[in-house]
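Thanks, everyone. I have one model to show today. Let me put it on the screen.

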Amino acid sequence: MFLQGAREKRERIIALDLLRGTFLVAIFINHMAWTPTLFDFITGQSHLFASAAEGFFAISGILVGYIYGPRILKNVKPTFIKLFKRAGWLYLLSISFTTLYTVITLFLPLDTVRSQYLSPSLADFLFNTLTLQFNYGWADFLSRYAVLMALAPFAIWLVAKGKAWLLAAISIVIWLLWRDSPLSHVTAWQLVFMGGIIIGYYLPQIEHAARSLSRQTQRIGYASMLTTTLVTFVFSVILTVLLPIIAGEFASALSPAIYQNILTTIDMRTSWDMTIFNKESLEIGRLLIGTLWFSTLYITYRKYEEIINRKTKGALLLLGTNSLYVYGLQSFILFMMDIFLDPPADTSFILKTLIVANMVCLVYVLTRHRASIKGLRKKAIRI
């Protein structure tokens with residue numbers, strides 16, 4: 001089932017869509033201003049050793065390699081054109097969201113929206129937006145995808161030609177030399193995307209090789225990965241979520257020595273964020289932990305994909321298969337929440353959790369009824 005020729009049509013892998021839906025939910029929760037919540041003990045407010053953002057990016061690369069890899073040599077021109085069109089669409093969406101949100105902020109008081117931006121001049125705004133140097137709102141990934149999707153056909157062609165090693169070498173060199181540059185959102189993050197393309201192209205062979213191992217080896221390998229993942233994840237949650245809550249909410253109940261030790265540990269964790277776990281430049285610690293966590297999640301979701309889909313009532317699958325729509329919808333909801341639903345200072349922990357849960361449900365409902373909403377919009381335009 002998994003050992004298919006490199007040029008054969010491949011079946012859809014439900015686990016990838018389920019994972020993509022899971023990461024979308026985590027990204028949405030992490031971007032909401034309503035914190036802390038119970039969800040933070042799972043998502044970590046995007047400050048864990050690795051985050052859903054990297055996983056979402058990796059899946060995009062994997063799917064590009066998995067879907068288009070077998071087609072590239074047989075249908076070079078149509079495949080290139082299709083991916084270029086995809087890149088163009090992502091580009092248009094990126095500049096459209098940026099323009100929309102920037103225009104809205106012009107009519108709002110300062111500090112109404114997080115990271116409110118007012119360009120010094122129209123010319124600067126147009127230049128920076130059209131060249132993807134400026135992103136505003138919560139859809140900043142679109143500009144990265146537009147650039148990387150434009151490069152994807154060349155990357156896939158290299159891999160299909162048996163030059164995966166060359167693509168990997170080029171990607172690693174770019175990461176090593178320019179991961180701290182002003183273009184790190186592309187030069188650093190391309191490593192995850194290009195690595196995903198290579199994995200996606202060879203995914204059937206990788207899965208077949210794993211399934212060819214003895215049952216005992218499979219069990220030991222999976223148990224080791226799962227244990228290491230859980231230990232590092234819990235440790236990350238304690239440092240990132242639990243200790244700051246204790247230091248903030250229960251400071252009066254702590255002895256000065258314990259309180260100081262907690263603050264020292266939090267400072268240490270913050271310094272890690274700027275060095276080995278830096279998210280912008282995707283430093284080596286984040287890459288290693290992210291690879292471990294993602295691999296464990298993929299194996300788990302792949303093994304239990306039917307059960308997971310059934311237990312989640314198809315919600316994760318729905319979000320995952322409509323990822324671009326969901327991502328854009330989430331950015332709009334986040335922007336509107338900043339304007340109309342900013343959390344009061346005395347909001348309780350439970351209320352914040354309920355608000356976040358309801359917003360996730362809203363995204364699901366609007367996605368589930370996407371076709372109906374589209375029909376209503378067309379009727380309104382006719383009127």
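Start with helix α17. Its buried residues are Lys 352, Thr 353, Ile 355, Val 356, Met 359, Val 360, Val 363 and Thr 367. Where do they sit around the helix? Seen down the axis of α17, these buried residues fall within an arc of 165°, so they line one face of the helix. The general rule is simple: an α-helix has 3.6 residues a turn, so residues three or four places apart point the same way.

Bear in mind that this is a predicted model. So a check on length is in order: α17 covers residues 349-368, which is 20 residues, and at 1.5 Å a residue it should span 28 Å. The C-alpha atoms at its ends are 29 Å apart, which agrees.

Now the backbone. Most residues other than glycine have a negative phi, and most peptide bonds are trans.

First stop, Pro 36. Pro 36 belongs to the loop between α1 (14-31) and α2 (40-43).

Next, Gln 45. Its phi is positive, about 55°, although it is not a glycine. You will find Gln 45 in the loop between α2 and α3 (52-68). Is Gln 45 exposed or only partly exposed? Relative accessibility is 26%, so Gln 45 counts as partly exposed.

Last, Lys 313. This residue is not a glycine either, and its phi is positive, near 55°. Lys 313 sits in the loop between α14 (305-311) and α15 (315-321). Its relative accessibility is 71%, so Lys 313 counts as exposed; the cut-off for that is over 50%.

Terms used: Residues numbered from 1 in each chain as written. Predicted model: local features only at pLDDT ≥ 70, side-chain atom pairs only at ≥ 80, totals over all residues. Heavy atoms only, no water. Helix = DSSP H or I, 4+ residues; strand = E, 2+ residues; numbered from the N terminus. Expected span 1.5 Å × (residues − 1). Buried < 20%, exposed > 50% of the residue type's maximum accessible area, 1.4 Å probe, protein only. Arc of directions from axis to C-beta.
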